[in-house]
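Here is a short note on the model, in numbered points. Please read it with the structure open.

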Amino acid sequence: MHSIFRTIRTAFRALRRNVMRSALTCLGIIIGIAAVIAMVEIGRGSSYALQQTIEGMGANVVQVDPADVMKAGVSSGAGGRPTLTPSDAEAIERECGAVQWVAPSVDCHAQMVYGGRNWSPWRILGTTPQYLPIRKWADLADGAPFTDEDVRRAAAVCILGQTPARELFQGESPIGKEVRIKNVRMRVVGVLTSKGANMIGFDQDDFVAAPWTTVKFRLSNLRVTNQQTTSSSGSSSGSSSSSSSGSASPGSLSAMTQQMNSLNQIYPTQQVQLYPQQSDLQAADYPQMVRFADIDDIWISAASHDHVDKAMTQIRALLRERHKLQPGEPDDFRIRDTTEISNALAKTTTLMTTLLLCVAMISLGVGGVGIMNIMLVSVTERTKEIGLRMAVGARARDILRQFLTEAVMLCLIGGLAGIAVGRGASMLVTWLLNWRTMPSPAAIIAAVGVSVVLGVSFGYYPAWRASRLDPIEALRYE
């Protein structure tokens, strides 16, 4: 132990003989270690920010929407086939064990008016209260969410995002006030917290949520019909009276829609029949796209990240069974999840961090070559000293240990200084560019280990060369 301390003391004394040269030798290691520390911390901060962005979209979210339909060679496009119903959403929540939250939704685009100001939000979504925890919006900035009872009653209530609340109310509290959407007065019951822009640049705060029944039947003015409602009034009344399972018949839903539409008294909806009714054979030969109590999307949150694939499998099996799709027949719905997006972005971030680490490792290699070069110069300069030590009894392993210790100490000093510079650089990036960085204890420990390995690797050859000198030739060296 005493010999080890003596070797370290001798190495310090040798390094202090030329402080400037030792400092410049350490500079390559300092730059390399600082680059590694900074890149790792910036990479971790970017990964965390990416994770927060994806969680802001809704963790473990699965979205189900209708597939397209082909009629007479013409495709209706995405979502052109009304195949999803509120009962599908209820069945998914009831029968799929890997699912936590389920919320049907209906889209709408309209102008909002309050007093002398108006605003056209990016999206007005009709949904249920379960949509908020799915999208991580359970904690509101002000007010309270609408309830399931509001959905059942098609209540004229809504929740505003930060953008429409700011544009319409100019700093006032919107809670309890009424906004007008398509001639329907909607009472504001809550304000959502801010989310900012999403990954594709859309303002997530430019958003309004309301009960889906309100959006469907009062804002969109969509009649709930099927082929039977186009028949005679007697047929409609018959189907209405025969409905005893608790679900509304077409006739009753149509009546409900007329009651909800505030403009029915002004603009009558009765129309004169201009064309004859289709026969049953014609209807079978030429099926028409008919509208019923459909929804645009179903938003689903899996119980955990590991349950996303299981939830998608359960949802697909259940909907195929409910829609009576035969084996080999394509799905009339589409299932999408955010896992693929998050995985792709995570792989991209990992790839960029790895590339930056490779560049930092190159600078470490350059620093190691510099140490080897300086140690070789030091051996040449101290040839007489080496010969003198060998003449008084020093063995080859003592010379090897001394020069190896000097190389390791150079790398350790450079590594510790590099850790400080790297941490300072990452803090400066956070302060100047407002990029999030996260300290990495593993990277700091790895930096110290790398410093020791570099010292041993690049210092071994100069130390071995010094230990192999002939004492007599060393003493004669000029």
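1. A definition comes before the contacts. A salt bridge here is a side-chain nitrogen of Lys or Arg within 4 Å of a carboxyl oxygen of Asp or Glu. Keep in mind that this is a predicted model.

2. The structure holds 19 salt bridges. One of them is formed by arginine 316 and aspartate 331. Their closest N and O atoms are 3.2 Å apart. Arginine 316 sits in helix H11 (residues 308–322), and aspartate 331 in the loop between H11 and strand E14 (333–337), so the pair ties together parts that are 15 residues apart in sequence. As a general point, side chains of opposite charge can pair when their charged atoms come close.

3. Now the helix pair. Helix H14 spans residues 396–433 and helix H15 spans residues 441–467. Their axes come within 7 Å and cross at roughly 150°. Angles over 145 degrees count as roughly antiparallel, which means that H14 is roughly antiparallel to H15. The crossing of the two helices is right-handed.

4. What classes of residue make up the contact of H14 with H15? There are 20 nonpolar residues and five polar ones.

5. Ile4, Phe5, Ile8, Phe12 and Ile413 make a nonpolar patch of about 450 Å². Helix H1 (residues 2–16) gives the largest share of this patch, with four residues. Isoleucine 413, also in the patch, lies in helix H14. H14 is also the helix that crosses H15.

How values were computed
Residues numbered from 1 in each chain as written. Predicted model: local features only at pLDDT ≥ 70, side-chain atom pairs only at ≥ 80, totals over all residues. Heavy atoms only, no water. Axes fitted to C-alpha atoms, helices over the stretch in contact; angles between N-to-C directions. Parallel < 35°, antiparallel > 145°, perpendicular 65-115°, else oblique. Left-handed = near helix turned anticlockwise from the far one by under 90°. Nonpolar A, V, L, I, M, F, W, Y, C, P; charged D, E, K, R; others polar. Patch = residues over 30% accessible without salt bridge, like charges linked within 9 Å, V, L, I, M, F, W, Y side chains within 5 Å. Areas by Shrake-Rupley, 256 points an atom, 1.4 Å probe, with all protein chains shown as cover.
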